[in-house]
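Visitor: I would like to learn how to read salt bridges in a structure. Could you take me through them step by step?

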Amino acid sequence: EPVSTPCHVYCKQCILEHLEVRQNCPECRRAVRVQDLIADHRTVKLMDKTQFHCVHRCGWQGRLDRRRAHMEESCPVVILAEVDKELEIICQQMEALAQERGELDIEQ
């Protein structure tokens, strides 16, 4: 969520974290208070027109506000990583079960 200070534009979360430590602009050091922050609608419109890419380089392109949903719901790189983790757990469980039954040579 972009916000404007009297002098620059920042991500709201980033500038709020900065203002907890220092009450100035990170760029020009001008005094800035939380009350000085204003939603920057021009930057939002610009970002809405900009095509962003998936951080996992799967080929997805879209609006920034849809990137998180893409990564949580449909990014093939993320899905394959989750499946890989699940398969690893299943393999470990099968090996443990086989060892319990004496079906697996421990030295393998």
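Predicted model: local features only at pLDDT ≥ 70, side-chain atom pairs only at ≥ 80, totals over all residues.

Guide: Let us begin with a network of salt bridges, which links D48, R63 and D65. Residues are numbered from 1 along each chain as its sequence is written, and side-chain values use heavy atoms, with hydrogens and water left out.

Visitor: What is a salt bridge?

Guide: Side chains of opposite charge can pair when their charged atoms come close. The rule used here asks for a side-chain nitrogen of Lys or Arg within 4 Å of a carboxyl oxygen of Asp or Glu, and by this rule the count comes to four salt bridges. In one of them, the side chains of R63 and D48 meet at 3.6 Å, N to O. R63 lies in the loop between β5 (61-62) and α3 (64-73), and D48 in helix α2, so the pair ties together parts that are 15 residues apart in sequence; helices (H or I, at least four residues) and strands (E, at least two) are DSSP runs, numbered from the N terminus.

Visitor: In the pair of R33 and D36, how far apart are the closest N and O atoms?

Guide: They are 3.2 Å apart.

Visitor: Is D36 buried or exposed?

Guide: Buried means under 20% relative accessible area, exposed over 50%, and partly exposed in between (1.4 Å probe, protein chains only). D36 counts as buried because its relative accessibility is 19%, whereas R33, at 48%, is partly exposed.
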